[in-house]
Amino acid sequence: MATTNLQYLQNPFPRPTISPLCLGIRAPRMVFKCGCSSGSSSVQDDVFSLTSSSKCDVDYLGQSTKGDLNVKLQHLEAFGLDGQATLEGPIEQVARMETEEAEGLLRDMGIPIPSAVRLSPRGIFCSRTLNLRSISAIGYDMDYTLMHYNVMAWEGRAYDYCMDNLQKVGFPVEGLAFDPDLVIRGLVIDKEKGNLVKADRFGYVQRAMHGTKMLSTRAVSEMYGRELVDLRKESRWEFLNTLFSVSEAVAYMQMVDRLDEGAIPADLCPLDYKGLYKAVGKALFRAHVEGQLKSEIMSKPELFVEPDPELPLALLDQKEAGKRLLVITNSDYHYTDKMMRHSFNRFLPNDMGWRDLFDMVIVSARKPEFFQTSHPLYEVVTGEGLMRPCFKARTGGLYSGGSAQMVESSLNIHGDEILYVGDHIYTDVSQSKVHLRWRTALICRELEEEYNALIHSRGQRATLIELMNQKEVVGDLFNQLRLALQRRTKGRPAQTLAATNMDDQELTESMQKLLIVMQRLDEKIAPMLEADGELFNKRWGFLSRAGLWDKSHLMRQIEKYADIYTSRVSNFLKYTPFMYFRSQEQTLAHDSYVHYCSQQNGSVVSN
């Protein structure tokens with residue numbers, strides 16, 4: 001590999017060249033520095049020991065300690081120091097002082113603290129605690145992961161080729177145009193009803209669209225009130241896992257309108273929504289198989305790929321930290337090489353090429369089967385893509401096919417020592433997790449737009465929540481009075497003496513007034529609730545939410561299968577290859593009541 005010079009790379013968070021070996025180990029009563037040259041690996045070996053796979057343990061969060069650095073006590077003794085003496089006093093006090101000093105030093109270095117990075121559109125969000133130090137290899141998908149396509153350009157051209165193929169066989173496509181705002185990732189196609197639906201984490205449908213027309217809340221309730229979205233029933237439900245699904249979904253929903261209008265001849269396909277879905281899918285598949293779409297993209301990649309100059313530096317940090325980097329993509333060799341050259345080489349220093357970053361490259365991987373079964377392995381031996389059969393992969397090789405088990409065997413690392421990063425919740429994240437127990441990271445570029453939309457929606461959402469809380473209080477009083485009236489008609493006393501003493505007229509007038517207030521609140525709340533999330537998408541609202549309070553079905557899938565998730569790979573640059581990602585507190589339904597009790601009584605009341 002060529003010698004790297006990171007100054008050639010653009011970095012929005014410049015990091016001064018400061019060796020950790022020359023930073024003082026500070027304690028409340030003493031400060032000392034090691035007298036060693038910066039950047040010397042031999043000196044680092046003298047000062048620190050690295051926890052190996054054979055000697056690793058698990059910490060109190062259940063994470064492997066492999067890759068952790070340990071101070072060698074003999075090095076401290078060479079300075080006449082006692083390791084414990086450097087930490088005199090209660091650890092709470094020592095830690096508080098060290099934290100304050102660390103925050104100050106991070107500020108001086110121009111590096112944001114981890115919590116500040118996390119609370120940003122380009123943070124890395126953690127669902128399941130992950131010690132990055134214990135990761136030996138990081139595998140990357142390519143499309144929409146290592147490179148991000150301009151959705152309007154890439155999916156727009158895929159849509160055009162799909163519609164051309166439909167028109168060639170007689171489908172009426174005149175007047176139709178690509179509309180990327182019609183769908184978002186995480187929606188589900190109901191192939192039986194010709195609908196596109198958004199479900200919550202339980203599978204209940206919250207919003208739905210038939211063709212290109214949104215259905216009313218009442219229509220959604222009547223149609224889906226007694227059934228759940230079940231992704232295991234693949235004959236009916238099709239989950240939009242990735243941005244590659246956008247062009248297909250837009251074409252299908254538009255053709256549903258044409259089918260409803262009676263414009264599709266009966267001899268083209270079965271005149272039902274399932275048959276129509278197969279026809280659209282076949283037309284899009286032809287666009288990919290015939291190669292016209294990829295040929296156009298390869299000829300003018302600058303029109304389709306959004307460059308990310310920060311990405312090579314993030315990968316260099318990982319490689320130089322000892323991580324073995326892999327590319328595992330379903331794209332073929334010629335396309336992969338062309339697109340990676342365009343996306344990486346111009347941002348790499350000293351004539352490095354994209355292949356220099358990766359210890360192994362696997363093209364035409366056939367995911368998800370790659371994670372499930374074994375396929376023949378071929379080595380790509382020439383620049384023209386000539387291949388020969390191969391039985392074992394080696395470091396630095398370029399291969400086609402194979403399997404995940406082959407990767408583990410070749411690298412002699414298994415399971416949770418490997419982190420796989422991809423954009424497809426099923427093909428990349430779910431299957432590598434379920435079958436191999438690899439650690440997983442999901443790339444979802446839309447997170448940046450959603451994060452900013454949520455920030456700009458805070459005022460409206462706060463108003464909406466306040467109105468709903470007001471209705472809850474007013475409604476509770478109404479219900480109490482209603483119960484008092486019910487008991488009175490049965491000759492029983494009301495819940496309280498005050499309610500019992502109310503005369504009939506006062507009781508009914510109060511209930512009438514409260515009912516009018518609630519009805520007016522409903523008139524105000526309903527359109528606000530419908531508009532919630534429209535800054536992200538006017539039809540479907542936020543990507544990760546279903547309604548004001550709940551998570552979307554997509555978000556449930558992300559939490560279940562992705563240990564961490566973020567908007568782009570280059571966000572790793574804002575962290576280090578040694579980061580310990582800790583999952584955040586998960587709010588439970590009763591947490592608010594516990595908080596309320598502690599505020600009212602000074603402590604939680606227990607029976």
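1. Where is Glu 417 found? Glu 417 sits in the loop between helix 13 (404-411) and strand 20 (418-422); helices (H or I, at least four residues) and strands (E, at least two) are DSSP runs, numbered from the N terminus. With a relative accessible area of 16%, Glu 417 is buried (buried means under 20% relative accessible area, exposed over 50%, partly exposed in between, with a 1.4 Å probe and protein chains only). Leaving aside neighbours within four places in sequence, Glu 417 is in contact (heavy atoms within 4.5 Å) with Ser 53, Lys 66, Ser 134, Ile 135, Ser 136 and Ala 137.

2. A word on the model, before you go on. This is a predicted model, in which local features need pLDDT of at least 70 and side-chain atom pairs count only at pLDDT 80 or more, while totals for chains, interfaces and linings use all residues. Residues are numbered from 1 along each chain as its sequence is written, and side-chain values use heavy atoms, leaving out hydrogens and water.

3. Now for the nonpolar core (a set of buried Ala, Val, Leu, Ile, Met, Phe, Trp, Tyr and Cys residues joined through side-chain atoms within 4.5 Å). The largest one has 116 residues, and Tyr 140, Leu 315 and Phe 358 touch the most other members. Helix 7 (residues 245-260) gives this core its largest share, 9 residues. Not counting residues up to four places away in sequence, Leu 315 touches Tyr 140, Leu 146, Leu 325, Phe 344, Leu 357, Phe 358 and Val 569. Another core, of 21 residues, lies apart from it, with Ala 365, Ala 393, Leu 411 and Ile 418 among them.

4. Do look at helix 7 again, this time with helix 8 (residues 273-289): their axes come within 10 Å and cross at roughly 135 degrees. Axes here are lines fitted to C-alpha atoms, for helices over the stretch in contact, and angles run from 0 to 180 degrees between N-to-C directions. The two helices are therefore oblique to each other (angles under 35 degrees count as roughly parallel, over 145 as roughly antiparallel, 65 to 115 as roughly perpendicular and the rest as oblique).

5. Finally, some backbone details. Most residues other than glycine have a negative phi, and most peptide bonds are trans. Asn 412, in the loop between helix 13 and strand 20, has a positive phi of about 60 degrees although it is not a glycine, and is exposed at 61% relative accessibility. The peptide bond from Lys 367 to Pro 368 is cis, with omega near 5 degrees.
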